[in-house]
Amino acid sequence: MTVTGCHARLGRLVEQWALVPAGEPIVTHASCLLPATRDGQPVMLKTSAQPDEVRGFALLDWWQGHGAVRVL
């Protein structure tokens, strides 16, 4: 993931999810992350196209915040 591609992807999602950035983007080999707030609550926006990460998102959603982060 390039820094430029990460910034473009995060920018669209920040607008779509009505987030307020609360820090600098974090770029890893597999993900783009952005600390933010939504309705005054802290959130972490994470996006990835890597198959293992996508499966992890589905698992976190299934857990619905019980013992893990809550997925919006």
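Start at S31. Leaving aside neighbours within four places in sequence, S31 is in contact with I26, K46, T47, S48 and E53. The model is a predicted one. Is S31 buried or exposed? Its relative accessibility is 2%, so S31 counts as buried.

Now look at two of the partners of S31. K46 and E53 are both on its contact list. The side chains of E53 and K46 also meet each other, in a salt bridge of 2.7 Å, N to O. Side chains of opposite charge can pair when their charged atoms come close. How open are these two residues? E53 has 22% relative accessibility, so E53 counts as partly exposed. K46 has 35%, so K46 counts as partly exposed too. Buried means under 20% and exposed means over 50%, so partly exposed is the range in between.

How many salt bridges does the structure hold? There are 2. D52 and R55 also meet through their side chains in a salt bridge, at 2.1 Å, N to O. Both D52 and R55 are in helix 2, 3 residues apart, so about one helical turn separates them. Both of these residues are exposed.

Next, find the largest pocket. Its volume is about 670 Å³. Its lining is made of 21 residues. Which of them lie nearest the centre? They are M44, L45, K46, V71 and L72. Strand 4 (41-47) and helix 2 (51-63) each supply at least two lining residues. Which element gives the most? Strand 4 does, with 7 residues. By type, the lining divides into 12 nonpolar, 3 polar and 6 charged residues.

Technical notes
Residues numbered from 1 in each chain as written. Predicted model: local features only at pLDDT ≥ 70, side-chain atom pairs only at ≥ 80, totals over all residues. Heavy atoms only, no water. 1 Å grid on protein atoms, 1.4 Å probe; cavity = no way out; pocket = protein on both sides within 12 Å on 5 of 7 lines; lining within 4 Å. Points joined across faces, edges and corners; volume = space filled by probe spheres on them. Helix = DSSP H or I, 4+ residues; strand = E, 2+ residues; numbered from the N terminus. Nonpolar A, V, L, I, M, F, W, Y, C, P; charged D, E, K, R; others polar. Buried < 20%, exposed > 50% of the residue type's maximum accessible area, 1.4 Å probe, protein only. Contact = heavy atoms within 4.5 Å. Salt bridge = Lys/Arg side-chain N within 4 Å of Asp/Glu carboxyl O.
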